[in-house]
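Hi everyone, thanks for coming. Let me put today's structure up on the screen.

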Amino acid sequence: MWDALWTNARLATMRGGRYGVVERGAIAASGGRIAWVGGAADLPGEPAKLAREIHECGGRWLTPGLVDCHTHLVHAGNRAREFEQRLEGASYEEIARAGGGIVATVRATRAASEVELAALAGKRLARLVAEGVTTVEVKSGYGLDVAAETKMLRVARLVGATAAIEVRTTFLGAHALPPEFRDRREAYLDLVCETMLPAVAGAGLADAVDAFCERIAFTPEETARVFERARALGLPVKLHADQLSDCGGAALAARFGALSADHLEYASEEGIRAMARAGTVAVLLPGAFYFLRERQLPPVGLLREHGVPMAVATDLNPGSSPLESILLAMNMACTLFRLTPEEALAGVTAHGARALGLAASHGTLEVGKVADFALWDVETPGELAYRMGANPLVARVFRGVPDGPSQSLA
Ligand code: DI6
Ligand code: FE
(Lines give C-alpha, C1' and ligand atoms only; values in the text may rest on other atoms or scores of the structure.)
(Ligands and ions follow the chains in the order given, each with its own letter.)
Protein backbone atom coordinates (compact mmCIF):
# COMPACT_ATOMS: atom_id res chain seq x y z
CA MET A 1 0.00 0.00 0.00
CA TRP A 2 1.32 3.43 -0.97
CA ASP A 3 1.60 6.26 1.56
CA ALA A 4 -0.33 8.71 -0.59
CA LEU A 5 -1.92 9.01 -4.01
CA TRP A 6 -2.76 12.16 -5.97
CA THR A 7 -5.56 11.60 -8.45
CA ASN A 8 -7.30 13.63 -11.14
CA ALA A 9 -4.19 15.71 -11.87
CA ARG A 10 -2.77 16.85 -15.18
CA LEU A 11 0.91 15.98 -15.01
CA ALA A 12 3.81 17.87 -16.57
CA THR A 13 6.40 15.17 -15.91
CA MET A 14 9.29 17.21 -17.43
CA ARG A 15 11.01 13.99 -18.54
CA GLY A 16 13.85 14.80 -20.90
CA GLY A 17 13.21 18.50 -20.31
CA ARG A 18 9.85 18.42 -22.14
CA TYR A 19 6.41 18.94 -20.64
CA GLY A 20 5.73 15.21 -20.99
CA VAL A 21 2.02 15.75 -20.39
CA VAL A 22 -0.19 13.08 -18.87
CA GLU A 23 -3.84 14.13 -18.90
CA ARG A 24 -6.04 12.59 -16.19
CA GLY A 25 -2.92 11.49 -14.37
CA ALA A 26 -2.16 10.04 -10.99
CA ILE A 27 1.00 9.89 -8.92
CA ALA A 28 1.81 7.94 -5.77
CA ALA A 29 4.45 8.32 -3.07
CA SER A 30 5.92 5.88 -0.62
CA GLY A 31 8.79 6.52 1.75
CA GLY A 32 9.26 9.98 0.27
CA ARG A 33 9.81 8.62 -3.26
CA ILE A 34 7.58 8.39 -6.30
CA ALA A 35 6.12 4.90 -6.28
CA TRP A 36 3.88 5.12 -9.34
CA VAL A 37 3.06 7.70 -12.02
CA GLY A 38 0.85 7.50 -15.08
CA GLY A 39 -2.67 7.78 -16.41
CA ALA A 40 -5.32 7.25 -13.75
CA ALA A 41 -7.00 4.67 -16.01
CA ASP A 42 -3.90 2.47 -15.67
CA LEU A 43 -3.85 2.46 -11.88
CA PRO A 44 -3.57 -1.14 -10.66
CA GLY A 45 -6.83 -1.00 -8.67
CA GLU A 46 -9.26 1.15 -6.72
CA PRO A 47 -7.53 4.31 -5.41
CA ALA A 48 -8.94 3.78 -1.91
CA LYS A 49 -7.34 0.34 -1.78
CA LEU A 50 -3.98 1.51 -3.14
CA ALA A 51 -2.96 4.25 -0.71
CA ARG A 52 -3.49 5.33 2.87
CA GLU A 53 -4.14 8.95 1.83
CA ILE A 54 -5.91 10.15 -1.30
CA HIS A 55 -5.58 13.71 -2.61
CA GLU A 56 -8.09 14.75 -5.26
CA CYS A 57 -6.43 17.43 -7.45
CA GLY A 58 -9.53 18.68 -9.23
CA GLY A 59 -7.90 18.53 -12.67
CA ARG A 60 -5.14 20.96 -11.69
CA TRP A 61 -1.60 20.84 -13.06
CA LEU A 62 1.03 19.00 -11.05
CA THR A 63 4.74 19.53 -11.78
CA PRO A 64 7.94 18.43 -10.09
CA GLY A 65 8.82 20.66 -7.13
CA LEU A 66 10.86 23.59 -8.41
CA VAL A 67 14.64 23.77 -8.09
CA ASP A 68 16.43 27.11 -7.59
CA CYS A 69 19.96 25.99 -8.42
CA HIS A 70 21.87 29.27 -7.85
CA THR A 71 21.32 31.53 -4.84
CA HIS A 72 23.32 33.51 -2.31
CA LEU A 73 20.40 33.63 0.12
CA VAL A 74 22.45 33.55 3.33
CA HIS A 75 23.73 37.09 3.87
CA ALA A 76 23.13 40.13 6.06
CA GLY A 77 22.34 43.70 5.09
CA ASN A 78 21.20 45.01 1.76
CA ARG A 79 22.63 47.25 -0.91
CA ALA A 80 19.72 49.57 -1.67
CA ARG A 81 22.10 52.54 -1.48
CA GLU A 82 24.18 51.07 -4.31
CA PHE A 83 21.03 50.70 -6.35
CA GLU A 84 20.57 54.46 -5.94
CA GLN A 85 24.22 55.12 -6.86
CA ARG A 86 23.80 53.09 -10.02
CA LEU A 87 20.71 55.07 -10.87
CA GLU A 88 22.85 58.17 -10.47
CA GLY A 89 25.27 56.76 -13.04
CA ALA A 90 27.87 54.62 -11.22
CA SER A 91 28.53 51.16 -12.67
CA TYR A 92 28.53 47.84 -10.76
CA GLU A 93 32.25 47.47 -11.47
CA GLU A 94 33.04 51.03 -10.29
CA ILE A 95 31.18 50.49 -7.03
CA ALA A 96 33.00 47.19 -6.49
CA ARG A 97 36.40 48.81 -7.12
CA ALA A 98 35.55 51.61 -4.66
CA GLY A 99 35.12 49.13 -1.79
CA GLY A 100 31.37 48.67 -2.09
CA GLY A 101 29.75 45.74 -3.80
CA ILE A 102 30.41 42.24 -2.51
CA VAL A 103 32.78 43.53 0.18
CA ALA A 104 29.98 45.64 1.71
CA THR A 105 27.91 42.49 2.18
CA VAL A 106 30.98 40.73 3.58
CA ARG A 107 31.21 43.33 6.36
CA ALA A 108 27.55 42.88 7.28
CA THR A 109 27.68 39.09 7.08
CA ARG A 110 30.81 38.81 9.22
CA ALA A 111 29.16 40.97 11.88
CA ALA A 112 25.94 38.92 12.02
CA SER A 113 25.42 36.00 14.39
CA GLU A 114 24.31 32.59 13.15
CA VAL A 115 20.89 33.19 14.69
CA GLU A 116 20.52 36.53 12.87
CA LEU A 117 21.69 35.06 9.57
CA ALA A 118 19.33 32.11 9.92
CA ALA A 119 16.38 34.43 10.56
CA LEU A 120 17.17 36.49 7.44
CA ALA A 121 17.77 33.42 5.30
CA GLY A 122 14.61 31.78 6.62
CA LYS A 123 12.46 34.65 5.35
CA ARG A 124 13.96 34.47 1.87
CA LEU A 125 13.60 30.72 1.86
CA ALA A 126 9.92 31.03 2.82
CA ARG A 127 9.26 33.15 -0.26
CA LEU A 128 10.78 30.50 -2.50
CA VAL A 129 8.86 27.76 -0.70
CA ALA A 130 5.66 29.74 -1.26
CA GLU A 131 6.27 29.43 -5.01
CA GLY A 132 6.74 25.68 -5.00
CA VAL A 133 10.51 25.43 -4.62
CA THR A 134 11.52 22.15 -2.98
CA THR A 135 15.29 22.21 -3.64
CA VAL A 136 17.52 25.25 -3.33
CA GLU A 137 21.23 25.77 -3.68
CA VAL A 138 22.89 28.22 -1.28
CA LYS A 139 26.40 29.57 -1.67
CA SER A 140 28.85 30.96 0.84
CA GLY A 141 31.11 33.78 -0.38
CA TYR A 142 30.20 36.69 1.88
CA GLY A 143 32.44 35.50 4.69
CA LEU A 144 35.83 35.24 2.99
CA ASP A 145 37.56 33.99 6.13
CA VAL A 146 37.44 30.55 7.71
CA ALA A 147 35.08 31.49 10.52
CA ALA A 148 32.58 33.44 8.42
CA GLU A 149 32.56 31.07 5.43
CA THR A 150 31.89 28.07 7.66
CA LYS A 151 29.29 30.12 9.55
CA MET A 152 27.41 30.80 6.31
CA LEU A 153 27.47 27.14 5.31
CA ARG A 154 26.33 26.00 8.76
CA VAL A 155 23.44 28.47 8.59
CA ALA A 156 22.49 27.15 5.14
CA ARG A 157 22.51 23.57 6.44
CA LEU A 158 20.53 24.65 9.52
CA VAL A 159 17.75 26.41 7.62
CA GLY A 160 17.53 23.38 5.34
CA ALA A 161 17.21 21.02 8.29
CA THR A 162 14.43 23.05 9.88
CA ALA A 163 12.23 23.63 6.81
CA ALA A 164 10.53 21.26 4.37
CA ILE A 165 13.03 21.95 1.62
CA GLU A 166 16.32 20.43 0.49
CA VAL A 167 19.28 22.79 0.71
CA ARG A 168 22.43 22.04 -1.30
CA THR A 169 25.43 24.07 -0.21
CA THR A 170 28.25 25.46 -2.34
CA PHE A 171 31.52 26.87 -1.04
CA LEU A 172 32.33 30.15 -2.82
CA GLY A 173 35.47 31.29 -1.00
CA ALA A 174 36.82 32.64 -4.29
CA HIS A 175 34.02 35.21 -4.64
CA ALA A 176 36.01 38.40 -3.98
CA LEU A 177 39.32 39.43 -2.47
CA PRO A 178 38.64 40.42 1.16
CA PRO A 179 39.94 43.89 2.11
CA GLU A 180 42.57 42.53 4.50
CA PHE A 181 44.17 40.71 1.55
CA ARG A 182 44.30 43.72 -0.76
CA ASP A 183 47.45 43.34 -2.87
CA ARG A 184 48.02 39.86 -1.43
CA ARG A 185 46.02 37.79 -3.87
CA GLU A 186 48.34 34.82 -3.69
CA ALA A 187 48.07 34.69 0.11
CA TYR A 188 44.26 34.74 -0.06
CA LEU A 189 44.24 31.89 -2.54
CA ASP A 190 46.58 29.97 -0.24
CA LEU A 191 44.01 30.48 2.52
CA VAL A 192 41.15 29.32 0.29
CA CYS A 193 42.98 26.26 -1.01
CA GLU A 194 45.03 25.17 1.98
CA THR A 195 42.80 26.11 4.91
CA MET A 196 39.20 26.89 3.95
CA LEU A 197 38.60 24.15 1.41
CA PRO A 198 39.98 21.33 3.59
CA ALA A 199 38.05 22.68 6.59
CA VAL A 200 34.78 22.89 4.65
CA ALA A 201 35.27 19.48 3.03
CA GLY A 202 36.35 17.89 6.32
CA ALA A 203 33.24 19.15 8.09
CA GLY A 204 30.99 18.02 5.24
CA LEU A 205 29.67 21.56 4.87
CA ALA A 206 29.69 21.83 1.06
CA ASP A 207 28.22 19.77 -1.74
CA ALA A 208 30.16 21.69 -4.43
CA VAL A 209 32.72 24.45 -4.97
CA ASP A 210 32.15 27.63 -6.99
CA ALA A 211 34.31 30.62 -7.96
CA PHE A 212 33.75 34.04 -9.54
CA CYS A 213 35.99 34.15 -12.61
CA GLU A 214 35.91 37.76 -13.79
CA ARG A 215 38.07 40.86 -14.23
CA ILE A 216 36.81 42.23 -10.89
CA ALA A 217 37.26 38.88 -9.14
CA PHE A 218 39.57 35.93 -9.96
CA THR A 219 41.55 35.06 -13.09
CA PRO A 220 41.16 31.76 -14.93
CA GLU A 221 44.53 30.63 -13.51
CA GLU A 222 43.47 31.44 -9.97
CA THR A 223 40.14 29.72 -10.54
CA ALA A 224 41.91 26.63 -11.90
CA ARG A 225 43.95 26.44 -8.72
CA VAL A 226 40.80 26.40 -6.58
CA PHE A 227 39.25 23.78 -8.84
CA GLU A 228 42.34 21.53 -8.64
CA ARG A 229 42.06 21.59 -4.87
CA ALA A 230 38.31 20.90 -5.00
CA ARG A 231 38.95 17.95 -7.27
CA ALA A 232 41.62 16.58 -4.91
CA LEU A 233 39.05 16.77 -2.11
CA GLY A 234 36.42 15.02 -4.21
CA LEU A 235 34.07 18.00 -4.57
CA PRO A 236 32.35 18.85 -7.87
CA VAL A 237 32.69 22.40 -9.20
CA LYS A 238 30.47 25.14 -10.67
CA LEU A 239 31.52 28.52 -12.00
CA HIS A 240 30.32 32.14 -12.27
CA ALA A 241 31.51 32.33 -15.87
CA ASP A 242 31.67 35.05 -18.50
CA GLN A 243 29.07 37.29 -16.83
CA LEU A 244 30.64 40.69 -17.56
CA SER A 245 33.39 39.76 -20.05
CA ASP A 246 34.69 36.72 -21.94
CA CYS A 247 37.29 35.24 -19.60
CA GLY A 248 37.16 31.77 -21.13
CA GLY A 249 35.04 30.74 -18.15
CA ALA A 250 32.79 28.33 -20.04
CA ALA A 251 35.76 26.35 -21.37
CA LEU A 252 37.46 26.41 -17.98
CA ALA A 253 34.35 25.02 -16.30
CA ALA A 254 34.12 22.30 -18.95
CA ARG A 255 37.79 21.40 -18.49
CA PHE A 256 37.02 20.52 -14.88
CA GLY A 257 33.82 18.66 -15.76
CA ALA A 258 31.83 21.30 -13.88
CA LEU A 259 28.22 20.60 -12.96
CA SER A 260 27.34 24.02 -14.33
CA ALA A 261 28.66 27.26 -15.76
CA ASP A 262 26.46 30.16 -14.70
CA HIS A 263 25.57 33.55 -16.30
CA LEU A 264 27.47 33.04 -19.62
CA GLU A 265 26.47 36.34 -21.25
CA TYR A 266 29.92 36.65 -22.89
CA ALA A 267 30.64 32.93 -23.41
CA SER A 268 32.24 32.02 -26.75
CA GLU A 269 31.02 29.30 -29.10
CA GLU A 270 34.19 27.38 -28.39
CA GLY A 271 33.36 27.48 -24.67
CA ILE A 272 29.84 26.27 -25.35
CA ARG A 273 31.11 23.39 -27.46
CA ALA A 274 33.37 22.38 -24.58
CA MET A 275 30.41 22.54 -22.18
CA ALA A 276 28.37 20.30 -24.48
CA ARG A 277 31.17 17.71 -24.56
CA ALA A 278 31.62 17.84 -20.78
CA GLY A 279 27.90 17.65 -19.97
CA THR A 280 28.08 20.98 -18.11
CA VAL A 281 24.70 22.69 -17.61
CA ALA A 282 24.27 26.38 -18.53
CA VAL A 283 22.58 28.23 -15.65
CA LEU A 284 20.86 31.37 -16.94
CA LEU A 285 20.33 34.18 -14.44
CA PRO A 286 18.02 36.77 -15.96
CA GLY A 287 17.57 38.58 -12.62
CA ALA A 288 21.20 39.75 -12.67
CA PHE A 289 20.99 40.66 -16.36
CA TYR A 290 17.87 42.71 -15.66
CA PHE A 291 19.04 44.37 -12.45
CA LEU A 292 22.45 45.37 -13.86
CA ARG A 293 20.75 46.44 -17.09
CA GLU A 294 23.15 44.33 -19.13
CA ARG A 295 22.95 44.47 -22.91
CA GLN A 296 24.88 41.37 -23.91
CA LEU A 297 22.46 38.45 -24.08
CA PRO A 298 23.62 34.93 -23.19
CA PRO A 299 24.08 32.85 -26.36
CA VAL A 300 20.84 30.91 -26.03
CA GLY A 301 20.75 29.99 -29.72
CA LEU A 302 24.19 28.41 -29.51
CA LEU A 303 23.34 26.60 -26.29
CA ARG A 304 20.31 25.10 -28.02
CA GLU A 305 22.26 24.29 -31.17
CA HIS A 306 24.94 22.43 -29.23
CA GLY A 307 22.44 20.69 -26.96
CA VAL A 308 23.61 22.26 -23.69
CA PRO A 309 20.84 21.91 -21.09
CA MET A 310 19.72 25.32 -19.79
CA ALA A 311 18.74 25.84 -16.15
CA VAL A 312 17.15 29.03 -14.82
CA ALA A 313 17.71 30.39 -11.30
CA THR A 314 17.16 33.53 -9.23
CA ASP A 315 20.82 34.25 -8.26
CA LEU A 316 19.12 35.73 -5.17
CA ASN A 317 21.81 38.09 -3.80
CA PRO A 318 21.89 41.64 -2.44
CA GLY A 319 24.09 43.17 -5.12
CA SER A 320 23.22 42.05 -8.61
CA SER A 321 19.94 40.16 -8.27
CA PRO A 322 17.73 40.87 -5.24
CA LEU A 323 15.15 38.56 -6.79
CA GLU A 324 13.14 36.37 -4.45
CA SER A 325 10.82 34.83 -7.03
CA ILE A 326 11.61 31.78 -9.13
CA LEU A 327 8.41 32.36 -11.14
CA LEU A 328 9.58 35.84 -12.08
CA ALA A 329 12.98 34.39 -13.03
CA MET A 330 11.11 32.06 -15.42
CA ASN A 331 9.17 34.97 -16.88
CA MET A 332 12.36 37.00 -17.37
CA ALA A 333 14.12 34.02 -18.96
CA CYS A 334 11.37 34.12 -21.60
CA THR A 335 10.97 37.86 -22.08
CA LEU A 336 14.66 38.81 -21.86
CA PHE A 337 16.46 35.67 -23.09
CA ARG A 338 13.71 34.30 -25.38
CA LEU A 339 13.43 30.91 -23.75
CA THR A 340 10.15 29.15 -24.41
CA PRO A 341 7.92 28.63 -21.36
CA GLU A 342 8.65 24.91 -21.70
CA GLU A 343 12.40 25.60 -21.58
CA ALA A 344 11.89 27.89 -18.59
CA LEU A 345 9.98 25.20 -16.69
CA ALA A 346 12.60 22.60 -17.62
CA GLY A 347 15.17 25.13 -16.37
CA VAL A 348 13.70 25.11 -12.88
CA THR A 349 13.00 21.36 -12.78
CA ALA A 350 14.93 18.76 -14.81
CA HIS A 351 17.89 20.97 -15.77
CA GLY A 352 18.02 22.81 -12.45
CA ALA A 353 18.37 19.41 -10.78
CA ARG A 354 21.11 18.42 -13.24
CA ALA A 355 23.02 21.64 -12.42
CA LEU A 356 23.21 20.38 -8.83
CA GLY A 357 24.26 16.85 -9.76
CA LEU A 358 20.79 15.60 -8.83
CA ALA A 359 19.54 14.49 -12.25
CA ALA A 360 19.09 10.88 -11.12
CA SER A 361 16.89 11.71 -8.15
CA HIS A 362 15.20 15.09 -8.68
CA GLY A 363 13.58 17.32 -11.28
CA THR A 364 11.11 15.05 -13.08
CA LEU A 365 8.07 12.95 -12.20
CA GLU A 366 9.51 9.46 -12.55
CA VAL A 367 9.30 6.36 -10.37
CA GLY A 368 12.12 6.24 -7.83
CA LYS A 369 12.73 9.97 -7.74
CA VAL A 370 11.95 12.11 -4.70
CA ALA A 371 8.25 12.82 -4.22
CA ASP A 372 8.57 16.61 -4.44
CA PHE A 373 5.65 18.23 -6.30
CA ALA A 374 3.92 21.51 -6.89
CA LEU A 375 0.21 21.79 -7.70
CA TRP A 376 -0.88 24.83 -9.68
CA ASP A 377 -4.06 26.72 -10.46
CA VAL A 378 -3.24 27.26 -14.15
CA GLU A 379 -4.86 26.09 -17.36
CA THR A 380 -1.59 25.25 -19.11
CA PRO A 381 1.94 24.78 -17.76
CA GLY A 382 3.07 27.63 -20.02
CA GLU A 383 1.10 29.97 -17.79
CA LEU A 384 3.72 29.57 -15.04
CA ALA A 385 6.21 31.64 -17.05
CA TYR A 386 3.58 33.95 -18.50
CA ARG A 387 2.22 35.62 -15.40
CA MET A 388 4.18 38.41 -13.73
CA GLY A 389 3.93 38.78 -9.96
CA ALA A 390 1.19 36.17 -9.59
CA ASN A 391 1.51 33.04 -7.54
CA PRO A 392 -0.77 30.25 -8.73
CA LEU A 393 0.63 27.65 -6.30
CA VAL A 394 -2.14 25.64 -4.66
CA ALA A 395 -0.14 23.04 -2.77
CA ARG A 396 3.42 21.91 -2.34
CA VAL A 397 4.54 18.40 -1.47
CA PHE A 398 7.98 17.66 -0.06
CA ARG A 399 9.09 14.01 0.18
CA GLY A 400 5.53 12.85 -0.19
CA VAL A 401 4.20 15.11 2.55
CA PRO A 402 1.92 18.07 1.68
CA ASP A 403 2.81 21.33 3.42
CA GLY A 404 0.80 21.95 6.55
CA PRO A 405 -1.04 25.22 7.13
CA SER A 406 2.07 26.78 8.75
CA GLN A 407 4.17 26.20 5.66
CA SER A 408 1.51 26.70 3.06
CA LEU A 409 1.86 30.39 2.29
CA ALA A 410 -0.05 30.16 -0.97
N1 DI6 B 1 28.09 37.20 -9.48
C2 DI6 B 1 26.98 37.80 -9.14
O3 DI6 B 1 26.12 38.17 -9.88
C4 DI6 B 1 26.95 37.89 -7.70
N5 DI6 B 1 28.11 37.21 -7.31
C6 DI6 B 1 28.75 36.85 -8.37
O7 DI6 B 1 29.80 36.23 -8.28
C8 DI6 B 1 26.98 39.28 -7.20
C9 DI6 B 1 27.16 39.31 -5.77
C10 DI6 B 1 27.06 40.67 -5.17
O11 DI6 B 1 27.12 41.71 -5.85
O12 DI6 B 1 26.91 40.71 -3.93
FE1 FE C 1 25.72 34.34 -8.28
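This is a predicted model: local features need pLDDT of at least 70, side-chain atom pairs count only at pLDDT 80 or more; totals for chains, interfaces and linings use all residues.

Residues are numbered from 1 along each chain as its sequence is written, chains are lettered from A and ligands numbered from 1 in the order written, and side-chain values use heavy atoms, leaving out hydrogens and water.

So, the overall picture. The chain has 16 helices and 16 strands, which are DSSP runs (helices H or I, at least four residues; strands E, at least two) numbered from the N terminus. Its radius of gyration is 21 Å, close to the 22 Å that the globule rule gives for 410 residues, so the chain is as compact as a globular protein of that length. That radius is taken over C-alpha atoms, and the rule is 2.2 Å times the number of residues to the power 0.38. Along the principal axes, the C-alpha atoms fill a box of roughly 70 × 45 × 45 Å.

Buried residues make up 59% of the 410, buried being under 20% relative accessible area with a 1.4 Å probe, protein chains only.

Now the helix pair. The axes of α6 (residues 146-161) and α7 (residues 185-202) come within 10 Å and cross at roughly 35°; axes are lines fitted to C-alpha atoms over the stretch in contact, with angles from 0 to 180 degrees between N-to-C directions. On the α6 side, Val-146, Glu-149, Thr-150 and Leu-153 make the contact, and α7 brings Leu-191, Thr-195, Met-196 and Val-200, contact meaning heavy atoms within 4.5 Å.

Technical notes: Buried means under 20% relative accessible area, exposed over 50%, partly exposed in between (1.4 Å probe, protein chains only).
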